[in-house]
Amino acid sequence: MINASLPELRRALDARQISAVELAGLFLDRIDALNPALNAFITVDREGALAAARAADARIAAGSAGPLTGIPLAHKDVFCTEGVLTTCGSKMLANFVSPYDAHVVSLLEAAGAVSLGKANMDEFAMGSSNESSYFGAVKNPWNLGRIPGGSSGGSAAAVAARLAPIATGTDTGGSVRQPAAYCGITGIKPTYGLVSRYGMIAYASSLDQGGAFGASAEDCALLLGAMTGFDARDSTSLERPTEDYAAALAGPACARPLEGLRIGLPREFFAEGMSDDVRAAVEAAVEQYRVLGATTVEVSLPNAKLAIPAYYVIAPAECSSNLSRFDGVRYGHRAADYGDLADMYAKSRAEGFGAEVKRRILVGTYVLSHGYYDAYYLQAQRLRRLIAQDFQAALQHCDLIAGPTTPTTAWTLGEKADDPVQMYLSDIYTIAVNLAGLPGLSHPVGFGADGLPVGLQLIGDYFAESRLLHAAHRFQHATDWHARRPACAA
Amino acid sequence: MSLSNDQVGHIARLARIALSDTELEATRAKLDGIFGLIEQMQAVDTTGVEPMSHPQEFPTRLRPDVVTETDRRDAFQKVAPQTEAGLYLVPKVIE
């Protein structure tokens, strides 16, 4: 049952082979057994989960269940949950019990999904390894000595270890796709504006976007479908009809279901920088897509290498502004000893924020300060346009773009913890997608020399979520990389 | 580029983050590395390129000017470090 797909769980629940309470109990017991080693959860809400499961059972009995009614899930701890601790992985919010729900949380609750608890994450979603969490690093379920990726590392590890069938995440520079790749699961970041940011604690608002984790594209499609939709409380929420991503997975039942699909392979993504084992798995996956009927064409993203420097100006700039709200007055940590108001702010923030968050606030403060704004912030925004234009030019020649999600497999815990620049460079393939606001998906395509998973990234034009999910679903129909599990979930 | 300790101290004051002298030195070294990465941007000629501030380049949606929130002051103040009689308490600002 722990490895069942969402449609299989749906059938089992509807056929009363298992109740929602029993299903929640099954995963809660796995969390109790495995979380001490993995540290994927910051908060486990057994009581709340069982109450939600009882309500789901009543809905199922009444015949009014939807696709997610009774399905357990984990929420990244960046999403506010009313009455439940919401820490964002920070000492600053270590005691913050949210007085309201994020829009995504409300939607999933209304759908009858059962929240098991809050998943660990890099502090304020700033990190690529989940080591910056105030609550300690998350371990990769495939190898407890390796990082799970970040910043949604707890969500990805929870799904990979089957502590939850699905999980929410957020992706500002790769924080869904990169940990999905490192943990051997599927993750999708939709087009900017599809998932409401209301109640999603802000890092870099023009880049932050909610996303979905699952064992397969099918599970991601079902979760994402329940997360999207217009929300007047987010000024960047898009007013457009919601799509049935799960329905879009249906395709021709033939040997070449992707006939006619043109996949662009960016020259720059296949140049140096990728490790040999990642390259072998990615190239084999591209060949598999050809077997399924797709054609491939070389495309170019000439400014892709500038995405990292541009991102590390734009994201810190927005972060320095967003995180100014943490001042020890209305919520969050306040220092015990202080003098005047300015001293209270400075000490509360010094104590409440970790080293990486402070660094990004300082970088952002500098690039926005008088005399440096044009050289850094405006220059980064001009590069952002060039990067977005590159994607549009490439997408003239193809329907979607494919390449590695990450340059290597998951590295050893601690390896880059003291070297922010090396950490930043690991997001080379994912960051440009956020700058452009495009949708991206990562799905497992094999294993590296060290036995750790490799992910393939698919990038589409705006609103191409259905196309990405359909392609990945067809791939997963013909292969079984997505069905591989770490020993703890075998 | 290389930041001086004075510059880092100035940014930290603007950002309202207290840094001890040892933290300042360690932070300066890390920031130098980050700005070394960021400097790569300067090699690109972006003359005539319009800055892109956001993926959605259309005007912000307006809403009717009506009250949509209910009074939840007690719930919101429950998570505040220090309140009294419905007010947030901070050190005295005006003598």
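A:Ser175 is buried, at 5% relative accessible area (buried means under 20%, exposed over 50%, partly exposed in between; 1.4 Å probe, protein chains only). The model is predicted: local features need pLDDT of at least 70, side-chain atom pairs count only at pLDDT 80 or more, and totals for chains, interfaces and linings use all residues. Residues are numbered from 1 along each chain as its sequence is written, chains are lettered from A and ligands numbered from 1 in the order in which they are written, and side-chain values use heavy atoms, without hydrogens and water.

A:Ser175 lies in the loop between β4 (166–170) and α6 (177–183) of chain A (helices, H or I, at least four residues, and strands, E, at least two, are DSSP runs numbered from the N terminus). Beyond residues up to four places away in sequence, its contacts include A:Lys76, A:Ser151 and A:Phe213 (contact means heavy atoms within 4.5 Å).

An unreviewed UniProt entry places the feature "active site" at A:Lys76, A:Ser151 and A:Ser175 (positions follow the numbering used here, feature names are shortened, and annotations may be inferred rather than shown by experiment). These residues spread over 100 residues of sequence yet cluster in space, with a largest C-alpha distance of 11.0 Å.

A:Lys76 belongs to strand β2 (residues 72–76) of chain A. A:Lys76 is buried, with a relative accessible area of 0%.

In chain B, B:Val93 is found in the segment after β2 (87–88). B:Val93 counts as exposed because its relative accessibility is 58%.
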